[in-house]
Amino acid sequence: MTFRVVQWGTGNVGRHALAGILANPDLELAGVWVSGPAKNGVDAGTLAGLDETVGVAATTDAEALIASRPDCVVYCSMTDNRLVEALEDLRRFLAAGINVVACAPVFFQYPYGVLPDDLLKPVEEAAARGNASLWVNGIDPGFANDLLPLALAGTCLRIDELRCVEIVDYASYDNRAVMFDIMGFGQPMDETPMLLQPGVLSLAWGSVVRQLAAGIGVTLDAVTETYERVPAPDAFDIATGHIAEGTAAALRFEVRGMVGDRVVTVLEHVTRLRPDLRPDWPQPAHPEGCYRVQITGDPCYALDLVTSSPRGDHNFATLLATAMRVVNAVPAVVAAPPGIRTALDLPLITAPATRPGREAAE
C-alpha cells in the first residue's frame, strides 16, 4: 500500500524528511509546504538537496494542500517560537482527517500531565472529529529517551532510577533562533532565556520523564527542574555567530520525575560549545557527543549511543535521525486508532528498503 504524504517545512530537519519520503517506495509525495516566497515553486528534489527534479513544486498555499486530503502530513516546521500557530496547524490537519507525524511540538511525545487542558483538548477533539492520529517523536525527545530506555527496562528485575542524558557539543548546530534566542548561548549571564524561564524545561521535557514513568508502571508525584550555566572564559565563534567572553557558553539541566522525595526518572542535558568547558560535568563517549541511558537497579545499565554520518558531523546525523524516525512511522501512524499516539502505543518502527541515491546533501 502506498501512502500519499505532504511534507510541511524544509528546514534543518524537513529537508531530510523530504529526501526520506522520496526514497521510500511506500510513500508518494503529494505536496510540499514552505513558509516563504524564496522556496515557493521550487521543485521538491531541489529542496531535498538531490541531483534530480521530481515534478512536485513547493507551495505556500496551506489550504490547497489540506484540501488535497493526503493520508499524512510530515510536520517539520519550527515550533519553538511559534507555538500557538503550530498547535493550530495540528488541529486543522487532524480535523480535516489527515494523520500527522511530527518532530515538534516536543511535549506531544507524551502530553499527559504535561500540557494543560486548554492546549491539549482542542487537539484531542480535532483528532476524534477527523478520525486521525498524531505522533510526535525524533531523537530527544524521541527514540533516545523512549525506545532505547524502555527496551532495556524490559530486561530488569528492579528499577530504582532511569536516566536519559544528552551530552553534545552544539557549536556546529546551525539554528540561531534556537541557540541564541531560546537556549541563551552568547547572551549575558544575568539574562534568563526562554528555555530557562520557570516551567519551560518541564513543559519541553516533562513528556520524557512522564512517559518513562508510565512505561515502567510508576505514578509520579511531581516533576522538578534544575539547571546550571557557565560563561565563556574567552571569546570564540560557533556556526551561528560570536560568543563573547563572559556570555553563556555551556548549560546543564535536569528534569526529574519524583515519587515522594525520590528521583525515579530523569532527563539530563549537558550542552557545551567547546569541549574544554566544565570538564567535571559528564563526558560523552565520543568527542562530539552521545546519548546515554543509565539504569540503576538490577541489573544496572549504561548504554551510549553515538551518531555519525559519512555526509556530516554528529549534528547532521541527529537531524537525519530525527527526520527518519517520523518518516518511517507514517504507515504505523496511519494504521493506528485516532488520537494522540505515543511510543507506548505503536509497534516497532523500522526502515524499509529504499531507492538508492536519494539523500539530502550535507
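The model is predicted; local features need pLDDT of at least 70, side-chain atom pairs count only at pLDDT 80 or more, and totals for chains, interfaces and linings use all residues. Residues are numbered from 1 along each chain as its sequence is written, and side-chain values use heavy atoms, with hydrogens and water left out.

The interface between the domains was examined next. Domain 1 contributes 15 residues in contact with 18 residues of domain 2, where contact means heavy atoms within 4.5 Å. About 1300 Å² is buried between domain 1 and domain 2. Buried area is the accessible area (1.4 Å probe) that two parts lose on being put together, summed over both. Carbon and sulfur atoms account for 62% of the area buried between the two domains. Of the area that domain 1 buries against domain 2, 36% comes from Q109, Y110 and V114, more than from any other three residues.

By class, the side of domain 1 that touches domain 2 holds 8 nonpolar, 5 polar and 2 charged residues. Here Ala, Val, Leu, Ile, Met, Phe, Trp, Tyr, Cys and Pro count as nonpolar, Asp, Glu, Lys and Arg as charged, and the others, Gly among them, as polar. Between domain 1 and domain 2 there are 0 salt bridges (a side-chain nitrogen of Lys or Arg within 4 Å of a carboxyl oxygen of Asp or Glu). Polar contacts across this interface link 3 residue pairs, both residues at pLDDT 80 or more. A polar contact is a pair of N or O atoms within 3.5 Å; within protein, one must be able to donate a hydrogen and the other to accept it, and residues adjacent in sequence count only if both atoms are side-chain atoms.

Backbone geometry was then considered. Most residues other than glycine have a negative phi, and most peptide bonds are trans. The peptide bond from A104 to P105 is cis, with omega near 0°. P105 sits in the loop between β4 (99-102) and α5 (117-130). Helices (H or I, at least four residues) and strands (E, at least two) are DSSP runs, numbered from the N terminus. The bond from D140 to P141 is also cis, with omega near -5°. P141 belongs to the loop between β5 (133-136) and α6 (147-153).

R69, not a glycine, has a positive phi of about 50°. This residue, R69, lies in the loop between α3 (62-67) and β3 (72-75).
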